[in-house]
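Please keep the sequence and the coordinates in view while reading.

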Amino acid sequence: MIELQEAKESFILIGVSVGDTFKNGNRIADETEESLEELKELVRTAGADVCGTLIQNREEPDRTTYFGKGKVEELCEMISSLGATGVVCDDELSPAQLSNLEEAIDCKVLDRTQVILDIFAQHARTREGKIQVELAQLKYRQSHLIGMRSNLSRLGGGIGTRGPGEKKLEIDRRLIRNRISELNADLDDVVRSRDVTRAQRMKANVPSAAIVGYTNAGKSTLLNALTGADVLEEDKLFATLDPTVRELVLDKGQKILLTDTVGFVRKLPHNLIDAFRSTLEEAKYCDIILQVVDASSPDYLRHMEVTYETLNDLGVTGKTFVTLFNKCDRLTEEKTLKDLKADYTLRISAKEGLGLEEVCRTLDQIIKNGREYIEKVFGFNEAGEIQNIRRHGQIISEEYMEDGIHVCAYIEKTK
């Protein structure tokens, strides 16, 4: 019996370095190379191979073909010698750049945005996730119809062809607009449902924390380790897209809700941020932000910067920030880890269970800091008041005496 197996695509990654990049007076070395390394992981996560990279140093990308004429010729030679099936650009290409570069090198051309959208299309599991991904894909294609005209008529598969493009190869602006309208209506229904669920959680007055951070930093592993959740854990970028809420019981029965959110990445497509806004904004309505950072990554400072920038764009401010430097068990030598923007910083290994007790103690302390301690005697006819404290605060001790019920508790501070 002959088994047919789809040939794996092989890409050359290309990027433009605009010269030395400076931040706060310090030179950021090899930022383009670091970005291409990340793009390599994205392409592999999407299911393809990387056979080479090519960087051009110039003041700005060429407006016509992204690369200059000489570099395009060099790229053609690389494609021929390495047997590449396509090229992936590290930046989002304009419709003209996409069309012209594809014509110049006579092979498939993708940009970073298409690769990320493809990964999201593969990993979306819930109805909400699928709606959000398709909406982001269609908005991208709506703005690139001219440049992608030949792509839309392709019968082949591979990265950049999953999702709505496979359903309607002859898609045009009118059909895209109609489909976007349908998806927006569906998404509005899902968002309303999410708002109702969120309102019910807020009404219950249970403290909440959002787990945020760069993709593949270990957010799902942390949620599983703390709460026993069964969220997918994989050493891949964007392994999980859908937010998961689980309850964590702290000291003396204090409860807190933990929400796992979608990971961030540099150059995260705006269409994805817009489509996933209702999901990402879970962090906006939480009391505490748990930022998970891969301490073993040499680029962890840049990862934190991207996380803070994304949260700021979403309007997530005024929260208590706890930065968890994860994967510390992988460090082979002493490393100074700090985050001056965070209220608390801890070293942990979610996979090995290291430092998790300290995380729980820190969460418990933050909750207590937002409350005031009381010692009060309630009459037996005031038992309902104790139930309110139990529901909205934290009872430390409760003792029934002859003169009434002696209660020590933390209650919300009066504003």
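Among contacts in the protein between residues at least 6 apart in sequence, what percentage join residues at least 24 apart? The share is 68%, where contact means heavy atoms within 4.5 Å. This is a predicted model, in which local features need pLDDT of at least 70 and side-chain atom pairs count only at pLDDT 80 or more, while totals for chains, interfaces and linings use all residues. Residues are numbered from 1 along each chain as its sequence is written, and side-chain values use heavy atoms, with hydrogens and water left out.

The secondary structure consists of 14 helices and 15 strands; these are DSSP runs numbered from the N terminus, helices being H or I of at least four residues and strands E of at least two. The protein has 415 residues, of which 50% count as buried. Buried denotes under 20% relative accessible area, exposed over 50%, and partly exposed the range in between, with a 1.4 Å probe and protein chains only. The accessible surface amounts to about 20900 Å², and carbon and sulfur atoms account for 46% of that area; such areas come from the Shrake-Rupley method with a 1.4 Å probe, and for residues only the protein chains shown count as cover.

The interior can be described through its nonpolar cores, each a set of buried Ala, Val, Leu, Ile, Met, Phe, Trp, Tyr and Cys residues joined through side-chain atoms within 4.5 Å. The largest nonpolar core holds 52 residues, and those touching the most other members include Val-43, Phe-120 and Leu-272. Among the elements that give two or more residues to this core are β1 (10–17), α1 (31–46), α5 (127–143) and α8 (173–203). Helix α5 gives the most, with 6 residues. Another core, of 24 residues, lies apart from this one and includes Leu-223 and Ile-288. Leu-272, leaving aside its neighbours within four places in sequence, is in contact with Ile-116, Leu-117, Phe-120 and Ala-136.

Helix α8 also contains Glu-182, which counts as partly exposed at 43% relative accessibility. Glu-182 and Leu-135 are 47 residues apart in sequence, yet their C-alpha atoms are 9.5 Å apart in space.

Tyr-66, in the loop between β4 (49–57) and α2 (69–82), has a positive phi of about 70 degrees although it is not a glycine. Lys-267, in the loop between β9 (255–260) and α10, likewise has a positive phi, near 60 degrees, in a residue other than glycine. Is each side of this pair buried or partly exposed? Tyr-66 is buried, because its relative accessible area is 1%, whereas Lys-267 counts as partly exposed because its relative accessibility is 39%.
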